[in-house]
Amino acid sequence: MSAEPGAGDVVRVERLTVRFADVVACAGVSLSVSRGAVYALLGKAGAGKTTLVRCLLGQQEPDSGRVLLFGEDARKKRRRLARRIATSAGEKRELVLLDDPAETPSLTAEATALVATSSPA
């Protein structure tokens, strides 16, 4: 996954680190997701998947690094960005972030197309 700037980046994470006391949930994570791309975060329990999603939604402040959605700071602009992000299957938004694998089988063909294209609703 490249963290190089791109005009089509919907998601950009740069050197993200999140700690909870002595536990490092995310350590220097960098990635970018271009418009139209589909990504899945895979890993065992405690790997930091939910922490990363919470940072993308602006709900978790990282200890270091930055998270940009549509070129804007995910934490500082979270209220405005929330209107552009779907967090459950079936919602029509520009970006879909699902944290519950049980949600995925219920995606309609239309919602799956939305995830695949990340296009404006």
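1. This is a predicted model, and the points below should be read with that in mind. I start with the second largest pocket, which is lined by 15 residues. Nearest its centre lie Leu-41, Ala-47, Gly-48, Lys-49 and Leu-52. The space in this pocket comes to about 190 Å³.

2. Two elements give two or more residues each to that lining: strand E2 (23-34) and helix H1. E2 gives the most, with six residues. By class, the lining of the second largest pocket consists of twelve nonpolar, two polar and one charged residues.

3. The sheet is open and has four strands, in the order E2-E1-E3-E4, with antiparallel pairing. E2 and E4 are the edge strands; each has a single partner, so one side of each is left without a neighbour in the sheet. E2, the strand that gives the most residues to the lining of the second largest pocket, is therefore also a strand at the edge of the sheet.

4. E1 and E2 run antiparallel and are joined by eight bridges. Within this pairing, Val-18 stands opposite Cys-26 in E2.

5. Leu-16 deserves a look of its own. It lies in strand E1 (residues 9-20). Is Leu-16 buried or exposed? Its relative accessible area is 0%, so Leu-16 is buried, the cut-off for buried being under 20%.

6. Which residues does Leu-16 contact, leaving aside its neighbours within four places in sequence? The contacts are Cys-26, Ala-27, Gly-28, Val-29, Leu-52, Cys-55, Pro-62, Ser-64, Gly-65 and Val-67. One of these, Leu-52, is also among the residues that lie nearest the centre of the second largest pocket. Leu-16 and Glu-61 are 45 residues apart in sequence, while their C-alpha atoms are 9.9 Å apart in space.

7. On charged pairs: the structure holds four salt bridges, and I comment on some of them here. Side chains of opposite charge can pair when their charged atoms come close. Arg-12 forms a salt bridge with Glu-14, with 2.6 Å between the closest N and O atoms. Both of these residues are buried.

8. Glu-14 also forms a salt bridge with Arg-66, where the closest N and O atoms are 2.4 Å apart. Glu-14 lies in strand E1 and Arg-66 in strand E3 (residues 64-69), so this pair ties together parts that are 52 residues apart in sequence.

9. Arg-66, with a relative accessible area of 39%, is partly exposed.

10. A further salt bridge joins the side chains of Arg-75 and Glu-61, at 3.9 Å from N to O. Arg-75 lies in the loop between strand E4 (72-73) and helix H2 (78-82), and Glu-61 in the loop between helix H1 (49-56) and E3, so the pair ties together parts that are 14 residues apart in sequence. Arg-75 is partly exposed, its relative accessible area being 30%. At 3.9 Å, the pair falls within the 4 Å cut-off for a salt bridge.

Terms used:
Residues numbered from 1 in each chain as written. Predicted model: local features only at pLDDT ≥ 70, side-chain atom pairs only at ≥ 80, totals over all residues. Heavy atoms only, no water. Buried < 20%, exposed > 50% of the residue type's maximum accessible area, 1.4 Å probe, protein only. Contact = heavy atoms within 4.5 Å. 1 Å grid on protein atoms, 1.4 Å probe; cavity = no way out; pocket = protein on both sides within 12 Å on 5 of 7 lines; lining within 4 Å. Points joined across faces, edges and corners; volume = space filled by probe spheres on them. Nonpolar A, V, L, I, M, F, W, Y, C, P; charged D, E, K, R; others polar. Pairing = 2+ DSSP bridges.
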